[in-house]
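Subject: Structure handover

Hello,

Here is the structure I said I would pass on. My notes on it follow below the display, arranged by region.

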Amino acid sequence: MKYRNIITVASIFFWLVSCSQDDTYIGGSVSGGNTELTSIFPVPPSQWMGANDPYYSAGYTGDIMPFFDNGKFHIYFLHDAQNKPAGKGFHDIHEYLSTDLAQFTYEGQTIPFGEAADPDFAIGTGSVVKVGSLYYFYYTGHNGTPAFVQSNARESVLCATSSDLKNWTKVPSFKITAPTGYYNYDFRDPHVFYNEELKKYSMLVSTQTEPGRKAVLLHFTSADPASGKWDVQVPIYTTTPEDNYLMMECADIFKMGNYWYLIFSENWSGDKGTHYRMANSINGPWTKPENDKVDGEYFYAGKTASDGNKRYVFGWNARKTPENDLGNKDWAGNMVIHELVQNADGTLGTHTPQSFKDLFSKKSSTAEVDVASDNVTINNGNYTLSGTTEKAIVTFKAAGKKARIKGEVTFSSNSGTTGFVFHTNDTGGYYKIAFDITKGKIIGYNSASQEVTQMPFQFQVNTKYDIEIIAEGSVAVLYINGKTALTNRIYGRDKNKWGLIAEGQNSTFSNLQLTTPE
C-alpha cells in the first residue's frame, strides 16, 4: 500500500452528499457488530466510534485482505478515515462479513493502530492464515515519524493472533524487518500461505533491493509459525528491466487448474493497476501475458479469496479529491469484487459475481429515452447509431442509485468508437466509456475528455459483444463478454442522464435493458 496521511476537513453532511455511497446504513453502528450495509460496493459506516469523535466520522475502504473460513468471507480492510487529526495513527484494520459477496455486515475495528512510538503507528496490508486452531494475521507496521525512523526501520512485518477471527491479540515479540540487501524503508504487505511443494509456510513481502532499488517479492519460509521463526529465501519474483517497477504491492499467489498465478499492484508506471503473472510451478518461471491486468487503474490492490468453488478478487475503486468528475485520483474508496475465471489459454478473465446478477433479477425494463439525435434509429430496445460522419447519441432518464445495464453491441467498421455516456448535462458534458476498435481498448474519459482508465480488448466488426454494467452511486463497473472488467468513478451518475454514443462508427446496441433491485 502507499501511505498517505491526508487531513480532509469536511462535515458529515458533505460526506453524505458528495461521497459515492448514496444509500443509508441499517443499524447505526457505534463500535461495529452486525451492522448491515445496503451496498454492493461498500464503504464503512460513519460514526462507528461515536458521534462526538471527529476522527471516526466517516471513512473509506482501503486495501482489502479477504479470508474465507467456515462458509463466510471475512473481508478485512484498511480503514481510511476522512479526518485524521495530527498526532493520531491511521489505517487501522476493520472487517466486513459476507456469505454471498452481495450483502455485508460491518464488524467494526479488528486491529487498532498503535501509539506514536510503536512500529504500527500506521497499519498496512497483510493476510490471514490458519495454523492448527489458531489464526495468524500478519500485517505491515508503518511508522514514518522522524523520531521513530532515527533508530528503527520505517516498515516491518508484525503479527496478531486470534482463536475466533474476531478478537485479535498483537504479538509484541514478533517483528520482521528487511534483511541485508533489502530496503527497510519499503518492506510491507506480507502474504502468508501454506506451501504444499515445500511443506512449509511461505510469506511474500513487497520490498526493494538495496542498493539498486529494484522491486522484488521477497520470500520467507517457516516450518512452524507458532515459533515466530521465518527464514529468508531468494525472491519469488523480481521486476524485469522492461517493466522496471518501483514497488509491487499487495501480492497474492494461488493455483487455478494447472497454473499458478502471482498477483501484485503497481502505482508508479504508465500502466498502473493490479497485474498478474502465470507459471506452471509455484517456483516459476513466471511469464507475463499479453494483457497482464485484472482491471484498469481505478481498481487497485486486488487480492483474492476462494470459497473452494470460485475465486474472487477484491480491490478498491479510487475516489477523487475533490470528489467530482475532474478531481484527482486518491487513495481508498469503495470495495469492488470480481469473479476470476480461467480462459482456455490459462490467462485470467473477470466475471460479474452471480450474487450481483441475482440482486437485479426481478425488475427489468426498457430504458426511458430522453433525447436522440437524428442519426439514431430506435426499435423496441435496439438502437442503431450511424455516427460515421457526425456523432450519434441517445440519452435516457437517470438510472438511479443502483442499476444494472445489459445488452449487446456490434461494430460495423474498423474505425471510430462507440460506447456509453454518463452524467450527461445540458451543456453537452459527460463521462464516456468508449469501445475503441482501432486502439483495441476500453477507455474511460472524464467530462474534459481526459483518459482516466483503460483496459485492452480486441474488438472485431460484425461480432456481438455482451455488455453488462453494475452501478451504485458513483461506482460503475463494466464487464464485457465475461472476460474483461473496467471499474470507473463517475460522480453524479445516479442523478443525471446516461446514454449511448458512436463517433466515426456505425454501431448497434441490441436488447438493451435497465434493471434495478426489487
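**Glutamate 197 and its surroundings**

Not counting residues up to four places away in sequence, glutamate 197 touches Trp260, Ser281, Ile282 and Asn283. Please keep in mind that this is a predicted model. With one of those residues, asparagine 283, the side chain of glutamate 197 forms a polar contact of 3.4 Å. Serine 281 lies 84 residues from glutamate 197 along the chain, yet the two C-alpha atoms are separated by 9.2 Å. Glutamate 197 itself is in the loop between β11 (182–195) and β12 (200–209). Its relative accessible area is 43%, so glutamate 197 counts as partly exposed.

**The chain as a whole**

The secondary structure comes to three helices and 37 strands. The radius of gyration is 23 Å, close to the 24 Å that the globule rule gives for 518 residues, so the chain is as compact as a globular protein of that length. Along the principal axes, the C-alpha trace spans about 70 × 55 × 40 Å.

Of the 518 residues, 59% are buried. Among contacts with a separation of 6 or more, 57% are between residues 24 or more positions apart. The accessible surface comes to about 20000 Å², and carbon and sulfur atoms account for 48% of that. As for charge, there are 45 positive and 54 negative side chains, and the centres of the two sets lie 1 Å apart.

**Two buried strand residues with polar contacts**

Serine 507 sits in strand β37 (residues 506–515). Its relative accessibility is 1%, so serine 507 counts as buried, the cut-off being under 20%. What does the side chain of serine 507 join in a polar contact? The partner is the side chain of threonine 418, at 2.8 Å. Leaving aside neighbours within four places in sequence, the residues in contact with serine 507 are Tyr383, Thr384, Leu385, Thr410, Thr418 and Ala502.

Threonine 125 belongs to strand β7 (residues 122–131). At 1% relative accessibility, threonine 125 is counted as buried. Its side chain makes a polar contact of 2.6 Å with the side chain of aspartate 63.

**A buried loop residue**

Phenylalanine 459 is in the loop between β32 (451–456) and β33 (464–472). Is phenylalanine 459 buried or exposed? At 4% relative accessibility, phenylalanine 459 counts as buried. Apart from neighbours within four places in sequence, phenylalanine 459 is in contact with Phe411, Phe435, Asp436, Ile437, Lys441, Ile442, Tyr465 and Ile480. Threonine 61 is 398 residues away from phenylalanine 459 in sequence and 34 Å away in space, C-alpha to C-alpha.

**Backbone details worth checking on screen**

Two peptide bonds to proline are cis:

- Glycine 284 and proline 285 are joined by a cis peptide bond with omega of about 0°. Proline 285 is in the loop between β18 (273–279) and β19 (299–306).
- Threonine 321 and proline 322 are joined by a cis peptide bond with omega of about -5°. Proline 322 is in the loop between β20 (311–321) and β21 (328–342).

Two asparagines have a positive phi:

- Asparagine 70 is not a glycine, but has a positive phi of about 55°. The residue is in the loop between β3 (59–69) and β4 (72–81). Asparagine 70 counts as exposed, with 73% relative accessibility.
- Asparagine 481 also has a positive phi, near 55°. The residue is in the loop between β34 (475–480) and β35 (484–489). Asparagine 481 counts as partly exposed, with 30% relative accessibility.

That is what I have for now.

Regards

Terms used:
Residues are numbered from 1 along each chain as its sequence is written. This is a predicted model: local features need pLDDT of at least 70, side-chain atom pairs count only at pLDDT 80 or more; totals for chains, interfaces and linings use all residues. Side-chain values use heavy atoms; hydrogens and water are left out. Helices (H or I, at least four residues) and strands (E, at least two) are DSSP runs, numbered from the N terminus. The radius of gyration is taken over C-alpha atoms; the globule rule is 2.2 Å times the number of residues to the power 0.38. Buried means under 20% relative accessible area, exposed over 50%, partly exposed in between (1.4 Å probe, protein chains only). Contact means heavy atoms within 4.5 Å. Accessible areas come from the Shrake-Rupley method with a 1.4 Å probe; for residues, only the protein chains shown count as cover. Lys and Arg count as positive and Asp and Glu as negative; His and the chain ends are not counted. The place of a charge is taken as NZ of Lys, CZ of Arg, CG of Asp or CD of Glu. A polar contact is a pair of N or O atoms within 3.5 Å; within protein, one must be able to donate a hydrogen and the other to accept it, and residues adjacent in sequence count only if both atoms are side-chain atoms.
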